[in-house]
Amino acid sequence: MESIARISSLIESARELTLDAAAAARNSRSSSAKPVDNKVVKKLLDSRNEREVLDGLRRVLGMMGRSQKTLPLFSSVVKNVASTNIEIKKLVYIYLLHHAESDPDLALLSINTIQKSLSDQNPQVRALALRTMSGIRVPVISQIVSLAIKKGAGDMSAYVRRAAALAIPKCYRLDPSQLPQLLEYLSTLLGDKQYYVAGAAVTTFLEICPDRIDLIHKHYRSLTKMIVDMDEWSQLATLRLMAVYARKCFPRRTKTVKSKKAVDLNDFYGEGTDNSSEGEQVVALDPDLVLLLNSIKPLLQSRNAGVVVAVARCYAAIGTSDYVKLAIGPLISLLRGPQDEQQLALFNIVSICLEYASEFVRHARHFSVQATDAQPVWELKLEILTLLFPHAPPHIKSLILTELEHFSRGSDKVLVQEAVRAIGRCAQSDSATAPRCLRLLLSQITSLDGTLAAESLTVIRHLIQQDPSAHVSTVVRLAKNLDSATDPQARATIIWLVGEFSGLNGEDNIAADVLRILLKDFTSEAEVAKRQILLLGAKVYLHYLNRQIEQETSAESNGEVKAPIKLLDDDDHPIAKLWRYVLLLVRYDTSYDLRDRARLYKSLLGVPQLATLMLLAPKPAPQAPSPSETRKGYTLGSAALVLAGDAGLHGVKGYDDLPDWVEEGRESDPKLRQVDLPAGGRSDSRSRVPAAQSLDAAAAARPGSGGLGSVTGRSNGFGPSGGGGPEKSLDDWLAEDDSIVVKKTAASGVAAGAIAAAAAARSSLPVRATEESEEEEESEEEEDDEEEEEEDEEEEEEDDGEEEEEDDGEEEEETEEEEDSDAEEDARLMRGT
């Protein structure tokens, strides 16, 4: 019969599931065709059948999802909050949370029912009721919500306690004046033994009181041990909290460690110098900080990329270089994920690579640009390759340069520019490979791609300015390629370089000849090139004037008479003629900027000393830092790290940097992080005593006995005593038992007489006795009680002995044979002992 009932119940549940699925399918087909009639829905909500009510609630939520008006159904929906079906309760609570603000009066009518659900036997119902009550954003019920949180914080179910922890911020937003009570509940929940409750409490702590570090002291060690078992969101919150806590509570200390040096042969006989004072300064970590850093190490294997980045942030912010090295491998493993995850991982890798570039060299192949990489991804990969370049071995450097050369000849203009810039950064960071980088760039200035040629020349200019005297031949080679260079920016770069070297070798310089060639086709040049031609003419003429001044000065010092310097209009020197021709060409140019520049240069050259300071001043060598230098200092995993370049002058709004390390001597007391001891001052491990030990101690403490060994000496009760006396025979044992009985009887008689005498004495005393007599009576009563207890114990032992003797006597009366056999057996046992 039981099996038939079970089969029928299964068939009934399958039938209900089929009906629900059919109704859901019918609703999905009909919902897109026409809107649901409110009358039909209201009829379903008012039904007594739970299936129809559930169908009606699903239709209401579907209407909410399509932004249809469901507020007229508020009363019909909310009255189902008292249903015992948990599915109906969930849907009603969802509806209630959505419409509570628009109609707070009706929402308040359901508060009593929700409060009753807080005492339901099902923990899911209790947690759901607490979540709903805290989600109703009506300030009037803040006191009720606070009491509900207090009740939930002490619930036996961890699921309800977690809901109470998540309800605290909602109550705080409703009424900030409830903060003192909420902090008490939060402190209790932070010390919860369940990791999912403690994780939710940490999330709440960061939201309502992130500065109350004093609440974390006593829970610090338990949180660090539970962080591995928490869910991902709680792990992120706890890691963020622990990074701040470590900065505020653990000072940064250093200690001196003797550095390992090569063995000195002079020290063999002790004649070497004493270098004991020399050493290396290393960071000394607090034991509690080491506990944290070691506890989060397993999180590097997390499947969540955010958790891995958060652990790397902790190691970089509060750890040492040894801990940061542990996070490099897990960070690189994130590059196997999707594109967006790769981009975020690369931002954090670049930030770490700025300080620990040498640790990424062995992973250089992971940063090779793939054909499927998006632009932000390959830009970051090229940047990482340039950061690794100075620390890489020769074969890795050759591989990186080959990779950059390949991409510099591609079809994507943006990729070509970035590859050429990367080659320039590699040449600047490693002078040994600068000639190869320069050869690569010089081979690309004749490219038909104007973008490649212009970018290559810009990088070449930067390299030449690093050491101008070593690149004179390079400038001559560039000047010869002016005819093949078609890009205006490329031509302007070459002309500027020729002007910078126009003062070398005096009149033997090629600058004047280059100027003569350029003036032939001046009108067809772009404006950016015309500006550089005008500047080149001014520099060439200025060098000519400076040579004339030097010759006049040297002639005066030698006492020779030198003709004065001629004016520009009267000078027939070819360089003066070229400068006049330049001014004439610019005078009739359409660009007003060029005309203004020409008048400026002409006036400036009237005072050669001032013109020399303005035009021939030494230029500082340009530096090409990594594009991520602007992101340096931002916390790993933050949005500011990703948006640093596009966040404007003031950065990302809402970014909070980690606090500075606390000064030594101002940190919190480490005793605050110790676990509280239970009552009595002993820990649990010390208060637990094995049962055998407690029994032995009780037996040893019995009056009149020295323990089990003092009576029997062996576990079976026979054998020599613990004192090592002579062996007792059976007659001795029986005689001893008879003497014990006699002593007990006498003692009981004495005790009875003493009790009777005490009673008579008390009856003869007056009613109002003095305090001294009362004290004497109390002491006598205590003595009587002790005597009675001893007497009771002796009587119990006497009764036990008498019962044994009576049993032995009855057995002796029944049969003599059994008595003989018992005697023989006892004698045999005595001989054996």
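This is a predicted model: local features need pLDDT of at least 70, side-chain atom pairs count only at pLDDT 80 or more; totals for chains, interfaces and linings use all residues.

Q: Why is Arg 491 called buried?
A: Its relative accessible area is 13%. Buried means under 20%. Therefore Arg 491 counts as buried.

Q: Where does Arg 491 sit, and what is it in contact with?
A: Arg 491 lies in helix α25, residues 488-500. Leaving aside neighbours within four places in sequence, its contacts are Leu 482, Ala 485, Thr 486, Leu 518 and Glu 525. Each of these has heavy atoms within 4.5 Å of Arg 491.

Q: What makes a set of residues a nonpolar core?
A: The members must be buried residues of the types Ala, Val, Leu, Ile, Met, Phe, Trp, Tyr and Cys, joined through side-chain atoms within 4.5 Å. The largest such core here has 197 residues. Ile 149, Phe 367 and Trp 579 touch the most other members. Helix α16, residues 305-318, supplies the largest share, 11 residues. In soluble globular proteins, nonpolar side chains tend to be buried together.

Q: Which residues is Phe 367 in contact with, leaving aside neighbours within four places in sequence?
A: Among them are Ile 332, Leu 335, Leu 346, Ile 349 and Phe 360. Lys 381 is also in contact with Phe 367.

Q: What share of the protein's residues is buried?
A: Buried residues make up 39% of the 833. The protein has 37 helices and two strands.

Key:
Residues are numbered from 1 along each chain as its sequence is written. Side-chain values use heavy atoms; hydrogens and water are left out. Helices (H or I, at least four residues) and strands (E, at least two) are DSSP runs, numbered from the N terminus. Buried means under 20% relative accessible area, exposed over 50%, partly exposed in between (1.4 Å probe, protein chains only).
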